[in-house]
Amino acid sequence: MPEFQTSPGMRDILAPESARWRRFVQVFADTVEAAGYEQIIPPLLEDIGVFSRVGEATDVVTKEMYDFVDKGERHVALRPEQTASVCRAYVQHRPTLPWKAWYSGPNFRYEKPQRGRYRQFDQVGIEVLGPTDPAVDVEVIALGWRFFQSLGLQKVTLRLNSLGEPADRQRYTEALRQHFTARSSELADETRATLARNPLRVLDSNRSEDADVLKSAPRIDDFYSPAASEHFAQVRAGLDALDIPYTRDERLVRGLDYYRFTTFEYAGGTLDSAQNALGGGGRYDGLVEDLGGPATPGVGFALGLDRTLLACDDEGVFSAAPSVVDVFVIDTTGGLEATVLTDQFRAAGLRADRAYDNRSMKSQMKAADRSNARVAVIIGTDERANQQAVVRPMNGGEQFTVTRSTLLDSVLRAVRAESSPTPKESQ
Ligand code: HAM
């Protein structure tokens, strides 16, 4: 075993998977930029205080943060998520409202690694700061839904809830605390520990011992203010108008503390239930204020790239495509011809590759095959002496000899012919 390997929960992403990652982010960018979102690239590292606001009682903050004191004695952390960074950036730069931002990139949480759960994982996400309009909640939820559709995923489901206004949420949390405390002897030990930290999170429990106590727990619906009820009704009406199917899940509280009003989660149809959350989000109207800014509503989501790609694997969609080279230059005269020709082909917009180390014709042909090239250009001693080149279509077409002055045109034509689908493929 090599001396150095990736740390637990960290992975190398090699080709062709790396190209799939890039394509994933590109499809996401296309989806949300078409809706007026602009990219923000926040730093990986922030003052720990930015993330503490995500919730003093959450696992993300208390147990999973990669934090340390840097050489300047600053207490910093690798970001566990990007919503808090986006709000911090808003307070710092004050872009015009409404501010619609999208992001992608890695986050860090010290979790127990398993399939679909890593210590470094990627997210794509959007945040909208400014409006309280439930139409924004609907737009955000719909964009996530449409993105999954454009990947080809068909088994994703959407769960929806509202946590009400902060005062509703507080009264509800208190009612839950009383209910669970009165019956704490019936709860599992781990659930009792959760109760001490955050009674809302007890609702997440799937432990069979807790089922009865959970069933008789107070219901959030009874705690909504008229404004919260109205907001929720409008979000639901919007989703109905867009024909986006969802399940109302009154136990959906999510793992971060900043939510109020709408919360939602997208689940994959195939992953283990512990890892089947492909993404989630909601409203966080108090977060900007918590970070020292003016009261500014916000709503958004983040989708886990790693998990969503696992869901794609499971559904057999959005697969990794092997890279394809347009033209592979085979030069048996020493290599300088290949250096010049690949440079010319690349300048003309072609994907061009070659072999190195002056290998034999046979070995270079093999390399051309491996590269999935559409066309090979062959330069031997005769071709060099006569200022010619051989053009060989790699799908079995007849090879032909051309002069150097017409080589580029011939190659462009041959590549085009090899790329256009055969009548059978295009049916
Ligand atoms: P979150 O639910 O903590 O929300 O994370 C969103 C998604 O990131 C999860 O559904 C999951 O797919 C992925 N994820 C989280 N942890 C891991 C992990 N250890 N390994 C692999 N994937 C993971 C947020 O992060 C909020 N910032 C979402 C949001 C945006 N709310 C409002 N705006």
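Author: Two strands pair if DSSP finds at least two bridges between them. Helices (H or I, at least four residues) and strands (E, at least two) are DSSP runs, numbered from the N terminus. The model is predicted: local features need pLDDT of at least 70, side-chain atom pairs count only at pLDDT 80 or more, and totals for chains, interfaces and linings use all residues. Residues are numbered from 1 along each chain as its sequence is written, and side-chain values use heavy atoms, with hydrogens and water left out.

Reader: In what sense do β6 and β11 pair, and over how many bridges?

Author: The two strands, β6 (120-129) and β11 (298-304), pair in the antiparallel sense over seven bridges. Within that pairing, glycine 125 stands opposite alanine 302 of β11.

Reader: In what order do the strands of the open sheet lie?

Author: The order is β1-β5-β6-β11-β10-β9-β7-β8, eight strands with mixed pairing. At the edges are β1 (38-39) and β8, each of which pairs on one side only.

Reader: How many residues surround the ligand, and which are the closest?

Author: A residue is near a molecule if one of its heavy atoms lies within 4 Å of it. Here 27 residues surround the ligand, and the closest are Glu81, Thr83, Glu111, Tyr118 and Tyr259. The strands β6, β10 (277-283) and β11 each supply at least two residues of this shell, and the largest share, six residues, comes from β10.

Reader: What classes of residue make up the shell?

Author: Ala, Val, Leu, Ile, Met, Phe, Trp, Tyr, Cys and Pro count as nonpolar, Asp, Glu, Lys and Arg as charged, and the others, Gly among them, as polar. By that scheme the shell has eleven nonpolar, nine polar and seven charged residues.

Reader: Which N or O atoms lie 3.1 Å from an oxygen atom of the ligand?

Author: A polar contact is a pair of N or O atoms within 3.5 Å; within protein, one must be able to donate a hydrogen and the other to accept it, and residues adjacent in sequence count only if both atoms are side-chain atoms. One such atom is in the side chain of glutamine 123, 3.1 Å from an oxygen atom of the ligand. A polar side-chain atom of glutamate 81 lies 2.5 Å from a ligand nitrogen atom. The backbone takes part at leucine 278, where an N or O atom is 3.1 Å from an oxygen atom of the ligand. The protein covers 96% of the 660 Å² of accessible area that the ligand has on its own; such areas come from the Shrake-Rupley method with a 1.4 Å probe, and for residues only the protein chains shown count as cover.

Reader: Why is helix α11 largely enclosed by the rest of the structure?

Author: Buried means under 20% relative accessible area, exposed over 50%, and partly exposed in between (1.4 Å probe, protein chains only). Helix α11 (residues 305-315) is largely enclosed because nine of its eleven residues are buried. Among them are Leu305, Asp306, Arg307 and Glu315. With contact meaning heavy atoms within 4.5 Å, the buried residues of α11 pack against α1 (17-33), β6, α5 (134-151), β10 and β11. After α11 comes glycine 316, whose phi is positive, near 70°.

Reader: Which way do the residues of β14 point?

Author: In a regular strand the side chains alternate between the two faces of the sheet. From β14, Val375, Val377 and Ile379 point one way and Ala376 and Ile378 the other. Five of the five residues of β14 (residues 375-379) are buried, so the strand is largely enclosed by the rest of the structure. Strand β12 (residues 327-331) pairs with β14 in the parallel sense over five bridges, whereas strand β15 (residues 388-393) pairs with β14 in the antiparallel sense over four.

Reader: Is asparagine 198 buried or exposed?

Author: Asparagine 198, in the loop between α7 (189-197) and α8 (211-215), is buried, at 9% relative accessible area. Its side chain makes a polar contact with the side chain of aspartate 257 (3.5 Å). By contrast, arginine 219, in the loop between α8 and α9 (226-241), is partly exposed, at 44%. The side chain of arginine 219 makes a polar contact with that of glutamate 250 (2.5 Å).
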